[in-house]
Amino acid sequence: MKSAKLAGLASIAAAAMVALAAPVHADVDTDFANQLHVYGIYGQRDYNAWLGKITCNRLGNGTDADAYESAAFLSKNLPQHSTTEQTWQFLNTAITTYCPDQIPVLTSAAGPRQ
Amino acid sequence: VNAMRGIRRVPVRSVLRAGITVVAGAIAATAFAAPAAADASDDYPIPNRILKTTCTVDQYMAAARDVEPIYYQRYMIDYHNRPPDIQQGARDRIYWFFSLDYAGRRQYSEDTATNVYYEQMATHWGNWAKLYFNNKGVAAHSTDACAQYPPSDPSVWDG
């Protein structure tokens with residue numbers, strides 16, 4: 001009797017957990033891909049996601065010293081028909097998605113180049 | 001039946017004999033064929049571009065980091081997952097390889113192709129030279145660009 005009650009409680013709890021679970025948040029790489037699509041940048045989702053993360057990594061470890069170097073790196077690795085504008089859109093999205101701590105790099109690129 | 005009349009009848013025995021000869025020939029060809037994987041070529045197992053490049057290891061890796069970032073990153077993740085002595089061994093070995101001239105590299109290519117145990121480094125880390133030897137496209141893109149990088153840049157191992 002007691003165990004039946006326990007089992008009942010458990011099933012109610014389980015049902016509540018399912019019902020109250022936060023709405024499933026899309027994978028961040030998917031968000032990234034969706035944003036790229038807005039700019040007309042397509043290609044393999046995983047490739048683009050990795051490229052975005054590597055871009056962050058390079059800014060973090062100093063391989064790329066500023067946003068211009070990042071853009072130069074990206075222009076080598078985005079599809080050849082990509083425009084300069086798309087390259088910067090990719091960079092912007094990569095930073096805001098994967099390494100928001102690097103946003104100042106973008107802001108400083110907006111001013112005159114040193 | 002009328003249509004068959006014009007065709008010369010071939011004796012069954014000679015057909016059999018011809019068949020046996022063909023089969024015997026095929027068996028002999030199989031038996032005497034050289035083992036397929038034993039020989040190196042100027043492009044296998046080590047890509048021709050790697051045999052011929054005059055870039056240093058650091059130049060090559062810096063170029064790969066820029067033009068083949070995902071392949072480079074995969075290799076570096078694998079590298080960083082190895083114990084320090086294996087990392088050191090892989091670094092020493094690839095610097096040694098790049099110190100060889102074309103003939104030396106070609107010979108090394110031959111040695112590794114004909115003797116699976118020749119490269120001791122590979123027994124510790126199977127993909128120790130993946131960034132350099134395993135992909136002709138990566139080798140081609142990276143050697144195209146490598147000359148413009150500084151000959152020495154230890155940061156290429158930090159990626």
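A: Happy to: about 910 Å² is buried between chain B and chain A, and carbon and sulfur atoms give 62% of that area; buried area here is the accessible area (1.4 Å probe) that two parts lose on being put together, summed over both. This is a predicted model, in which local features need pLDDT of at least 70, side-chain atom pairs count only at pLDDT 80 or more, and totals for chains, interfaces and linings use all residues. Residues are numbered from 1 along each chain as its sequence is written, chains are lettered from A in the order in which they are written, and side-chain values use heavy atoms, with hydrogens and water left out.

Chain B brings 10 residues to the contact and chain A brings 10 residues, contact meaning heavy atoms within 4.5 Å. Between the two chains there are 2 salt bridges (a side-chain nitrogen of Lys or Arg within 4 Å of a carboxyl oxygen of Asp or Glu). One of them joins the side chains of B:Asp66 and A:Lys76, at 3.9 Å from N to O.

On the side of chain B that touches chain A, the elements giving two or more residues are α3 (57–67) and α4 (69–80) of chain B, helices being DSSP runs (H or I, at least four residues) numbered from the N terminus. Of these, α4(B) gives the most, with 5 residues.
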